[in-house]
Amino acid sequence: MEIYDIIFYLFAAITLLSAFFVVTSRNIVHAAFYLLFTFFGVTGIYVLLGADFVAIVQLIVYVGGILILLIFGVMITNKITQVDIKTGTVHTLPAAIGVGLFTGIVGAVILNTEWRIVDSPMPVATLSTLGEMLLTEYVLIFELLGILLLVALIGAASMARK
Amino acid sequence: MIYEWLYNITGSSILSMFVVSLLPLFVFILPFALLAVLAERKVSAHMQDRLGPMRVGYHGILQTVADIIKLLQKEDLVPAATDKKLFNFAPLLVFAGSYAVFAAIPFSSIFIGSQIQLGIIYIVAVTGLVVAGILMAGWASNNKYSLLGAMRSAAQIISYEIPTLLIILTIIMITGTLSLYTLSELQTSYFWNWMILGGPATGLQKILYIPLMIIGCLVIYISTLAEVNRTPFDIPEAESELVSGYHTEYSGMKFAMFFLAEYANMFAVSAIVAIIFFGGYQSPFGYLGNAIGLHWLVPIEQFFWFTAKGLFFVFVQMWLRWTLPRFRVDQLMAFCWKYLIPISFVILLLAGLISLI
Amino acid sequence: MRDYFLKFWEGLYTIMIGMKVTFRHLFVPSVTIQYPTVKPQLPERERNRLYVNMDDCIGCDQCSRACPVSCIEIETVKSTPGDDLGKTSNGKKKALWVTKFDIDFAKCCYCELCVPPCPTDCIYMTDVYEFSEFERDSLLYDFATLTQEEREIKKKNFKEFQVKKEAEKAAAAKKAAEAKAAAQKEKPNAKTDKPTDDKKGTD
Amino acid sequence: MALKTEEMVLNMGPQHPSTHGVLRLELQLEGEIIKDVIPHIGYLHRCFEKHSEAMTYPQVIPYTDRMDYLASMYNEFGYALAMERLMGIEVPERVEYIRVIMGELQRIASHLVALGTYGADIGAFTPFLFCFRDRERILHLFEITCGARLLYNYIWIGGLSNDLHPDFIRLTKEFIKDFKPNLKELNDLLSFNAIFIERTADVGILPLETAINYGVTGPNLRASGMKWDLRKDDPYSVYNKFDYEIPVGSGEKGKIGDCWDRYFIRVREMEESLKIIEQAIEQIPDGDVKSAIPKRVKPPEGQIYTRVENPRGELGYFIISDGSLNPSRVKVRAPSFVTMQVFPELCKGFMVADVVAILGSIDIVLGEIDR
């Protein structure tokens, strides 16, 4: 067992456990904070997979941006922490069947696929390749996304001004 | 660097990684915090015609040690109406966030926690953890002042990240690297190679860069100042309005954690400014070790220069703190959005144009 | 646009000026002193803890009456003819034994109103300012020089003297009454002597 | 698109670092915007007025000290003046000069506290200590003269408790010499700092009409643009013998009557006070300061209202005498109390941080509000 394995399992455990708590936690602020650890665990896994840029973007966008916004929203809204999240009617049976089926299918696919294991070295820096690809092969998509974001920004600004 | 060296000695990757990860804490953060707290009090005292702490040790040198012993002895007080889980966890998160920054800071050419390629962006990213910790602390305290402080703090840190990132982007564009180590190596030898004086560029380009870099340096210094909640941007803990913001309810060792994090952050942002604009660990006038042939002396010299630069910027932070009044929360935001962001955009644009020359 | 840059420049400029001021003060010698080890030189008119020079006190109660917070409590006993109380330094003859002279410094407001009325200048303010106590009772200072027994004795003496005097008085009155009665036997008078048993000075 | 928001009630004080004492403010907020402020006062109530009825006239003086504890000299001044008018006492000229010197020194000391704590409220801590350093010199002058630093009991009915200390004139001259550059330094450090101006200009504007309607007096009224100073308009003591000006708010950095005007009017008043002191020191005659002190203060039956220009505004004493040794009624018109009324008006529409700035700028002393 290498140290990387230990760290990988550690991150995986953090991700799974905190995700579990996000779902089960009754207190919505707690759930939001558990989400932080889920994101964090995912970041760790990205790092271990050699996707350092994606990991950092995950950290900046999800932890630094989206999550903070989420917590902000939750906190500012008064009396949200005591909301009873459980709905009135409980559909345990259909849910169990649905989840069971889904798990079965996914499990079967995972087990029955012939995974190709390629022994490639871990990429040292993904950034320059990523940058080059964004500005050559995927430049159209990149530009379109940029315009989309700009439109969203302008929309938000004009809404906030009203 | 250090990691490889330790790995060669011990032969155990786990052990050496463990040691490397704890190294900045014991080699740097704790001694620095001890010194900086004392320095803060002494600097403020002398600026105000006072003497500051004078009792413990010669001229109060051991005052911080005494303070820490006091904080350790204090009862760990958790107010009844708090959200205990989050209340206890928040200081850890804040400290973890500011500690993680040190992983990527090159103290000298051989003393780098991790030679991560995305150094600068990584530092910006992990500060996000600090924001989450502050929000957690503010919310868990169940105190309106704490909550207001936490909100202000989060809003402030997020807004001021934009000009910081834009200036960093400019530097990335010019130098083509995200690694702090490479950035430091680029500005080698003499002070005219520092980024503030145009970096390693030559000719007309260099001359054109200089004004941009000076303004950029100013912008990034101001916005990092805001990110660590120092005066004139200390509205999250503004003691005359919000008592002390998000850590109002904390006492004892948990309060010390916030305090440690604050001082660690102070140094971290100063270090970023030093690395980006002032050559990082590079000496301004060549190395004594190279001159007299003792090459092992160079890393030590580098460490000295790096801490000296960092501490100078920390001193400027203190100096500003004891000189200026604080902004109001809306003015703070207006300052960021109306001044810093447009200016940094213009710098980004101009730097891009100049780099085409 | 011009205003925009002007404002920015003004901000930077005034900040620089402020920084210059604080930087200069880094090298200005400190104005504070290290209090318990270095003590300030107090002026001679300093108004702090009261002191009563009991040798001069004549027990006139002037200071107590001048006090706006009633922190001075004085109790006196008249001297008997045999007692020699001596004289005050400005030549006044003392006539009262001061059996109680309490000043409650927890109440005292250090206004110095008690000092000017004193006819013998025996109460005055000193420059002692460090007399904090852990218990409030310890701030009650008793300046009377007599010991507890002496006080009892003085009180007893006065009482005895009073009784004796009264007896003498009564005897004299009786004599006078008898003489009167003898003089006006034919006309019996309803006049009776009022018993004079109010104990002055002991309340 | 107006979002529906809930109002938040924030309790500020009585234990809050910048309510200048034990004032409790109930802030009704919409976000950080103030909808309304309800000041709750009375935490420092000591029954001064009722208490005075059980005191003899001279015994009231130490109690007046404790009203506005930052301007004790002026409180005594006003009381002594009222009693002298009631009893028809003519005080020696020297006494009047000393009273004016002391009063103006006290004005400077009081303004220094106001400005220093104002800086601290805004977040600049260094000016606070610089101001206190200079105030300390004034307190030392008081201490050598009467023995106390804060609660003097110096100005008595008909005279003074002590004559000036032999060193007083010399030390005062030295103080004035040292204080002028310090005042300039304060201006450099705080008054003209861009951030400070940003925080205070156009904040908490007090229109002249509102000020008059609420009965605001003193620097706060003058900052709103009215040249009203009892030293000139209803002269008492020997104030008419000096040459000085009454500074008026000009709206230099924002609108007339904003926080910056109220702040800066105090800086300028200190300069004027220095002028008065300089002149008074030159002109001071010799004489006995105790000659007119009555042995027994027993005013004739009657009543009097006397007002003086305290550092905070019009300080009035209304005294009813029934001919006995104790006053039948002492009523004080406390400037801070009156100013406090206008405070909620000033705050509406500003932010939480501005409450601190506005409260500091009207310079109230809770000891005087509650009495």
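Modeller: Let us begin with how elements are named: helices of at least four residues and strands of at least two are DSSP runs, numbered from the N terminus. Please bear in mind that this is a predicted model.

Biologist: In which element of chain D is D:Gln59 placed?

Modeller: D:Gln59 belongs to helix H2 of chain D, which spans residues 57-65.

Biologist: Is D:Gln59 buried or exposed, and why?

Modeller: The general idea is a cut-off: a residue is buried when its relative accessible area is under 20%. D:Gln59 is buried because its relative accessibility is 7%.

Biologist: Which residues does D:Gln59 touch, apart from those up to four places away in sequence?

Modeller: They belong to chain C: C:Arg65, C:Ala66, C:Cys67, C:Pro68 and C:Leu113.

Biologist: Let us turn to chain B. Where does B:Leu129 lie, and which residues is it in contact with beyond its neighbours within four places in sequence?

Modeller: B:Leu129 is part of helix H5 of chain B. Its contacts include A:Leu36, A:Phe40 and A:Val63 from chain A, as well as B:Leu93 and B:Gly97 from chain B. B:Leu129 is buried because its relative accessible area is 6%. Distance can also be read in two ways: B:Leu129 and B:Val228 are 99 residues apart in sequence, and their C-alpha atoms are 13 Å apart in space.

Biologist: Which residues touch the most other members of the largest nonpolar core?

Modeller: A nonpolar core is read as a set of buried residues joined through their side chains. The largest has 131 residues, and those touching the most other members are B:Ile105, B:Phe233, B:Phe267 and B:Phe277. Helix H5 of chain B, residues 119-140, gives the most to this core, namely 17 residues. Among the contacts of B:Phe267 beyond its neighbours within four places in sequence are B:Phe28, B:Phe32, B:Phe102, B:Phe107 and B:Phe306. A second, separate core has 120 residues, including D:Met83, D:Ala280, D:Val297 and D:Tyr317.

Biologist: How many residues does each chain bring to the contact between chain D and chain B?

Modeller: Chain D brings 32 residues and chain B brings 23 residues. The area buried between them is about 2500 Å², with 61% from carbon and sulfur atoms.

Biologist: What is the count of salt bridges between chain D and chain B?

Modeller: The count is two. One of these pairs the side chains of B:Arg328 and D:Asp354, at 2.8 Å from N to O. The elements of chain D that give two or more residues to the side touching chain B include strand E1 (8-12), helix H4 (93-122) and helix H13 (352-362). E1(D) supplies the largest share of that side, five residues. By class, that side has 19 nonpolar, seven polar and six charged residues.

Conventions: Residues numbered from 1 in each chain as written. Chains lettered and ligands numbered in written order. Predicted model: local features only at pLDDT ≥ 70, side-chain atom pairs only at ≥ 80, totals over all residues. Heavy atoms only, no water. Contact = heavy atoms within 4.5 Å. Buried area = accessible area lost by both parts, 1.4 Å probe. Salt bridge = Lys/Arg side-chain N within 4 Å of Asp/Glu carboxyl O. Nonpolar A, V, L, I, M, F, W, Y, C, P; charged D, E, K, R; others polar. Core = buried A, V, L, I, M, F, W, Y, C linked by side-chain atoms within 4.5 Å. Buried < 20%, exposed > 50% of the residue type's maximum accessible area, 1.4 Å probe, protein only.
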